[in-house]
Amino acid sequence: MMSLTQGSSGSDADVRYLGTDEKKRKRMLSNRESARRSRMRKQKHLEDLTREMGALERENREIIKAYKEKVHGHLGLQSENEALLAEKAALMNHLNGMESMIGSFNKNGPCQRFSSAVQEPWQVHSSSQQIMASASMSRI
């Protein structure tokens, strides 16, 4: 009987050993599956980041292009503005000259040479005056 008891106690140890070995095997499989899922999540995350990076690079290029167009337009407007300011200054100088001429004309009265022509420019005052064209006027 002793051998039967030893045999059954050995079987119990084998069953316990097999149970522990089975648990280890299941844990290893579970760990492998978890690692696989983790690698898949990591790969998907990397792909998402790569896709997002591409989209951001495209958007960045578009923004840079729009910025350069705006700068180019700004420079064009700035040079046009400078030209208009210079033209304004020239016109103001011309206007000031004309105003001073009118002011001196009003102060001194009309010049004798042009008095009738200035007062009545629509009338021809001297029928005896002939209008002669010079050679330089024919080029006009």
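Predicted model: local features only at pLDDT ≥ 70, side-chain atom pairs only at ≥ 80, totals over all residues.
Me: How many helices and strands does the protein chain have, and what percentage of its residues count as buried?

Reply: The secondary structure comes to 2 helices and 0 strands, and of the 140 residues of the protein chain, 1% count as buried. The chain exposes about 13,500 Å², of which carbon and sulfur atoms supply 59%.

Me: How should I read the salt bridges, and how many are found in the whole structure?

Reply: Side chains of opposite charge can pair when their charged atoms come close. A search of the whole structure finds 5 salt bridges, and one of them joins Lys44 to Asp48, with 3.1 Å from N to O. Asp48 also forms a salt bridge with Arg51, where the closest N and O atoms are 2.6 Å apart. Lys44 and Asp48 are 4 residues apart in helix α1, so about one helical turn separates them.

Me: Which residues are linked in a network of salt bridges?

Reply: Glu33, Arg36 and Arg37 are linked in such a network, and within it the closest N and O atoms of Glu33 and Arg37 are 3.9 Å apart. Glu33 is partly exposed at 32% relative accessible area, and Arg37 is partly exposed at 40%.

How values were computed: Residues numbered from 1 in each chain as written. Heavy atoms only, no water. Buried < 20%, exposed > 50% of the residue type's maximum accessible area, 1.4 Å probe, protein only. Areas by Shrake-Rupley, 256 points an atom, 1.4 Å probe, with all protein chains shown as cover. Salt bridge = Lys/Arg side-chain N within 4 Å of Asp/Glu carboxyl O.
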